[in-house]
Amino acid sequence: MAERCKFKTTVGGQAVMEGIMMRGPQKWCLSVRTPNGEIVTEEHENKKSSPLVKIPFVRGVVSFVSSLTMGYKTLMRSAELSMTEEEQEAELSNFDRWVEKKFGDKAMNVVMGISAFLGLVLAVVLFMFLPTFLVNLVNNHLIALGGFKALLEGLFKIALFVLYLAVVRNSKEIRRVFGYHGAEHKTIFCYEAGDELTVENIRKHTRFHPRCGTSFLLIVLIISILLFSVIPWTGMALRVVLKILLLPVVMGASYEVIRLAGRYDNIVTRIVSAPGLWLQRLTTCEPDDSMIEVAIAAVTPVLPQNPEEAKW
């Protein structure tokens, strides 16, 4: 059943450890449930937008990089707020302690940079190298695929993505993050419906939202299947390099698709949004009331006094 919606908003956010980050037209806010049960809320003014965010296709790459950077920073901050000092100390590895001793106040930036680099390497291996390797394996040792190589590569990529989500979902900590993800979506839907932001009102709404990062990533995978089909299979290394070089094109096109799907409601946009909404059954969980309370604390400070400023 479709959500009753008075308007669509640009306000959105991200689930973090025991909390939610929400971003509005003028400011962004991080709210986290601390170990003693209190909700800590930190408000920040948005940085001035780059002129590039107004250029179609280019704005998708800029927005993706900006969201990735902010998302990682808020995730690290939420970890600090949601863990006791004893838990934080227990989580520190010998490498973390060495970095802290070596770089002092800049240790967090160093760890963030290394983690981001390792995450990028893992993403390239899982979604760029491994699918191509598997297709070559099938083509050379099982059956000649001919023109179906790109299609099978794309199916392997989507299967790996879904499998990855299904595996990490089994973690207790990740399931709580996915619960906060559900609370974020429900809260945005409640705001778009024009209802008062209360736990009771928010609880009634769906946790599946078309303008979600999960939907964006799935559209990235689907568009990459189409675009990468024109890349030659003359060598695996060359193909992987060309796919990496074409990633900005894929992200730019995907952003425009998700933008249109979020702005309009018709049979075409519903078909485009459907796979992402299905996938959100893995990346969101039904939140409890305490999670919804955090979502309300996070979104309230970023809502403009004039709702027109937050319209999509």
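**Close-up views of a predicted model**

**Figure 1. The β1–β2 hairpin.** Strands β1 and β2 form a hairpin in which two residues lie between them. Within this turn, Glu-18 adopts a positive phi of about 55°. The model shown here and in the following views is predicted. The two strands, β1 and β2 (residues 19-23), pair in the antiparallel sense over five bridges. Gln-14 stands opposite Met-21 of β2, and Gly-13 has Met-22 of β2 as its bridge partner.

**Figure 2. The four-stranded sheet.** The strands are arranged in the order β1-β2-β3-β4 as an open sheet with antiparallel pairing. At its edges are β1 (12-16) and β4 (39-45), each of which pairs on one side only. On average, neighbouring strands of the sheet are turned by 15° against each other, direction ignored. In the chain as a whole, the secondary structure comprises twelve helices and four strands.

**Figure 3. Helices α6 and α12 lying across the sheet.** Helix α6 (residues 172-192) lies across β1, β2 and β3 (27-33) and runs at about 160° to β1. Helix α12 (residues 289-299) lies across β2, β3 and β4, and its direction makes an angle of about 155° with β3.

**Figure 4. The largest nonpolar core.** In soluble globular proteins, nonpolar side chains tend to be buried together. The largest nonpolar core of this model has 24 residues, and Ile-20, Met-22 and Val-299 are those with the most contacts inside it. At least two residues of this core are supplied by each of β2, α6, α7 (199-203) and α12. Helix α12 provides the largest share, seven residues. Apart from this core lies another, of ten residues, which includes Ile-219, Ile-223, Phe-228 and Ile-258. Of the 312 residues of the chain, 41% count as buried.

**Figure 5. The surroundings of Met-22.** With its neighbours within four places in sequence left aside, Met-22 is in contact with Gly-12 and Gly-13, with Lys-27, Trp-28 and Cys-29, with Glu-184, Thr-187 and Ile-188, and with Ala-295, Ala-298, Val-299 and Val-302. Gly-13, listed among these contacts, is also the bridge partner of Met-22. For the chain overall, 69% of the contacts between residues at least 6 apart in sequence join residues at least 24 apart.

**Figure 6. Helix α1 and its buried residues.** Helix α1 (residues 58-82) has 25 residues and spans 36 Å from its first C-alpha to its last, close to the 36 Å expected at 1.5 Å a residue. Buried positions in α1 are Arg-59, Gly-60, Ser-63, Met-70, Gly-71, Thr-74, Ser-78, Ala-79, Leu-81 and Ser-82.

**Figure 7. Glu-256 and its contacts.** Glu-256 lies in helix α10 (residues 247-263). Its relative accessible area is 11%, so Glu-256 counts as buried. Leaving aside neighbours within four places in sequence, Glu-256 is in contact with Pro-56, Phe-57 and Arg-59.

**Figure 8. The Phe-64 and Phe-216 aromatic pair.** A pair of aromatic rings is described by the distance of the centres and the angle of the planes. The count of aromatic pairs comes to two. In the pair shown here, the ring centres of Phe-64 and Phe-216 are 5.9 Å apart and the planes stand at 35°, so the pair is tilted. Distant parts of the chain are linked by this pair: Phe-64 belongs to helix α1 and Phe-216 to helix α8 (residues 213-228), 152 residues apart. Phe-64 has 24% relative accessibility and therefore counts as partly exposed, whereas Phe-216 is buried, with a relative accessible area of 10%.

**Figure 9. The Phe-129 and Phe-133 aromatic pair.** Phe-129 and Phe-133 form a stacked pair, with 5.9 Å from centre to centre and 20° between the planes. The two residues are separated by about one helical turn, because they are four residues apart in helix α4 (residues 107-141). Phe-129 counts as partly exposed at 35% relative accessibility; Phe-133 is likewise partly exposed, with a relative accessible area of 35%.

Note on methods
Residues numbered from 1 in each chain as written. Predicted model: local features only at pLDDT ≥ 70, side-chain atom pairs only at ≥ 80, totals over all residues. Heavy atoms only, no water. Pairing = 2+ DSSP bridges. Axes fitted to C-alpha atoms, helices over the stretch in contact; angles between N-to-C directions. Contact = heavy atoms within 4.5 Å. Core = buried A, V, L, I, M, F, W, Y, C linked by side-chain atoms within 4.5 Å. Buried < 20%, exposed > 50% of the residue type's maximum accessible area, 1.4 Å probe, protein only. Expected span 1.5 Å × (residues − 1). Phe/Tyr/Trp six-rings, centres within 6.5 Å; stacked < 30°, edge-to-face > 60°.
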